[in-house]
Amino acid sequence: MRFTLLGATRAHRDDGAEVALGGPARRALLALLLLEPGRPVPADRLAEESNPRRPPSAHALESQMSRLRSALGDAAPLERSGTGYRIVVPYDTVDAHRFERLAGTGRTSLTSGDWAGAAGVLREALALWQGEAFADLPDSGSARAAAVRLEELRLTALEDRLEADLRLGRHRTAVPELRELTGRCPLRERAAALLIRALSALDGQAAALAAYETTRRHLADELGADPSPELVSVHAELLRQDPTPALARPPAQLTALIGRDREVAEVGALLGRARLVTLTGPGGVGKTRLAVAAATAEPGEVCFVQLAPLGDESAVPGALLTALGLSVGGLHLGADDPSPDDRIVTALAGRALLLVLDNCEHLLSVTATLAARLLAAGPRLRVLVTGREPLGVIGEHLYPVRPLAPEDAARLFAERAAAVRPGPAATAGTDARTAPRTDSHTDSHTAPAPVPVPAPDADADTCADTVRQVCAALDNLPLAVELAAARLRTLHLEDLADLAQRLDDRLGMAARGARTGDGRHRTLRSVVAWSWDLLPEPERRAARRFAVFHAGATPATARTVCGTDPDTLEALADKSLLEHTGGRYRMLETVRAYAAEQLASADQPGTVHRAHTAHLLTLARTADPHLRGPAQLDWLARLGGEHDDLMAAVRRAVEAPEPETALALLAAAAHSLWIRGIPGCAAPHAARLLEIIDGEPPPGYDEEFAVCLLLAVSAGDGKDGEDGEGDGAPGTGQGDGAPGTGRTVWRRHRARAEQAMESVWSGSGQGRHPAALLLWVLRNATDGDAHRAHALVSARRTGPDAWTRAVAHYVTAYGALGENDPERAGHALRTAAETFHALGDRWGGALTLDALATVAAVRGDRAEAVALIDRALALTGRLGALADTADLLVTRGDHLAAADPAAARADFTRAAALARRAGSPAGLAAARRALADLALTAGDTTEAEHLYRTALDHLDPRWVRSIGDRVRALAGLARVAEARGDHDTARRHYRRAAEAAYVPGAPTATVLSALSLPAPAREAIHRA
């Protein structure tokens, strides 16, 4: 039998049938007995608390208890005990007691990190509540006290369950419950803290800060109290949120660095006086380990870029952007994006930083060019390079990395052997003659190896000599020594001599001949080959197939693509042929190069390549819909981890050529590349693919062809110049038709892509890549058939896909603005914003809020525009979209400038700093234009003119997002000329501003009304 106290008092038999308890008197008595099952309750207490106003007589109480006993039967014995009564049932049959047990279990699971378990148990506990506890005992003191305690437990359990939901990423479902809870209980600070955290994750900083302020006011008004330390801590955490991108740190090392104390100190000293240092030496000599140690010892900022996984030179800028934390671009799409090189230069100019470029020998030309450009643009930048040969750049300081000293090589062998096979064999490398060397530069990077020195007996001497012989045969190259030591997992102590002999036989002249760099590299290759030959065939097969991965793989992916099992992968890691860090397996580049040769000769490489490509295509296609929902950030991060392999698969498909595969890969990856702000990394491959297919897509790949074209033109064309001002005369320079440039490719293939887009998206058609619709409209806005593109996309307002409908409403709004109908535009944008918000797409939401602010500005409602920009800033902050945050700050400052120039200057200054961090020349140009406006208002025409001209150098005249800043900069130059009495120059600048304000389908008056220009300037532009 089960009993209910959390609501009306009821009893149910095991078959679910409800027991007829009778009237309220009996239900009250049963509830009092169930407060503590099995414990006697005195009769006088039962009488007084069941009906305090008219307590029943002893006879009446006995009569009621008798009827209750009959109703319950043997399933719930009700016994007379002394002067009272008790009910003999297990505690867990009473819902109130079961709730307490489950709530406690849930709390334990929550504190131990089992969030899914906690959420499930707590839901079960809370589901037991059917109403107010002890509802049939409204006047009982003991029941009321128990009810108050249970209600507090219920609220705590609800908070526990909501916290578990948040930790599981269920922010969207938790927020409504948290709002309802804080509305009913506005003084519960834990609930408020959970709401603030949920809003921060879902809607950004601004919404979370507003929730904090609401709670703070309630506490002050109702209690006269300040927020608790927990709530204050949450508030401080919100304020500390820093949009500055995180730099890629040097990779963590799993083992100590041996024998390199002096080298670490020397490289550090060299970096103190030289801005470009290159560590040279053969593969396996330890250049990367030395660079990691030197970089880790640096007191300032360090960015570590791993170039080994990159397959071609076009991937280098993208790798640098990712390492600098600039892979998320947010709302900026398409033609106005600066080239990756320009972004890197902007991000590093003026920044004190050590940039490490590791393993650049296969990318020597592009690395040398980029390093020289960065060093010229950033006087506080230093660059540390590792490679087998110098860059050949003026000012380069070389530091040759030598093999280990014999005693250090023996120590290394002993330590690595100890890690895989503890015992006497592991101590064989160290004796009194090979004790750890002491340098004057000992530091934490090279702690002495924890290897005991054996007794000076004959066996120990023999083993030590043999270890030195092995190391000498390996030229004391650290990687070769480690690979040999790893074999002790399977070789016994007595096999050391045989190991040395077989190594000597395998190495031949490479071991005994000249110790040049090439010779040492042959030594390393030979020891890799020797180690490879000792593998059983299943491990060799898995290792050679693993060579297909450029940036490593998760265990599950490695098992699928390599056709292997967990034990085999672990065995390869045990033998130092794979590394397992950060949840991924990786292969050292030297080993991968050898494995790739074996794959080409022993396997069917096409089969492995196809498996690799199929995995990446499936991943990208699976991720695509999530990029338009609440899991956007998680999937962006996951795709970011596979970026190098994805680009390698694209390159392989283009070179094969396999057009269908290449088109499918590019189209599946495009949305993530656009959101992350790195579509240019795919541009060379896309452009080459368009050449291969000669502008005609394979059957069934029309939409993918259009996406390929949008990617091919995403790298931009560079800027044109005019009159020495750098603000771009259409029709000059490479942008207007140099072969292979983005604009030429666009004009060559635009018509066929237009046909492709319309074949897929016209009428009731539904394409596979909805993000292409938005890019198609934006690209055609200034270079194509803007009206036709607008009609195609805006017609999707009633389509089946919610995200596509939101994009269509967004595009429709700009058509309404072009018709000078801000009300209709606002309605369309609000519909889009609501849809993006419901879907959980922060990217689309920020894009739409920015546009709504423009509509508010057109209506003259600056306050509303600022409020909308604040909301958009909260979303871009969550996305980490620095360039867009900078852009929004400039817009907000423009709206504030007239009433609060100090606040506007703060926004412009912060925007400039963020644009530099983001590597956004256009964003920095916008901030400079805005600061020029303030200088002009203050009467400083010299500073204003300098800033306007500098801004115009980096504002693309062909991109719609640059229109506002170009118009304002040109109008500013006109006002500067007017202030100096040069009216001819002023009129010329006003004419150019009028030309810049032209947007197909949009009246110039509408464009100008959104720009906060002074009335005289607007009138002058109209007259021009």
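In helix 30 (residues 683-692), the buried residues are Ala 683, His 685, Ala 686, Ala 687, Leu 689 and Leu 690; buried means under 20% relative accessible area, exposed over 50% and partly exposed in between, with a 1.4 Å probe and protein chains only. Helices (H or I, at least four residues) and strands (E, at least two) are DSSP runs numbered from the N terminus.

A note on the source: this is a predicted model, where local features need pLDDT of at least 70 and side-chain atom pairs count only at pLDDT 80 or more, while totals for chains, interfaces and linings use all residues. Residues are numbered from 1 along each chain as its sequence is written, and side-chain values use heavy atoms, leaving out hydrogens and water.

The buried residues of helix 30 pack against helix 28 (643-655), helix 29 (659-676), helix 31 (702-712) and helix 32 (742-761), contact meaning heavy atoms within 4.5 Å. After helix 30 comes Asp 694, with a positive phi near 55°.

Now to strand 8 (residues 353-358): six of its six residues are buried, so the strand is largely enclosed by the rest of the structure. Leu 353, Leu 355 and Leu 357 cover one side, and Leu 354, Val 356 and Asp 358 the other.

| Strand 9 (residues 381-387) | parallel | five bridges | Leu 384 with Val 356 |

Finally, strand 8, helix 15 (residues 364-377) and strand 9 form a right-handed β-α-β unit: with the strands pointing away from the viewer, the path from the first strand over the helix to the second runs clockwise.

Methods:
Pairing = 2+ DSSP bridges.
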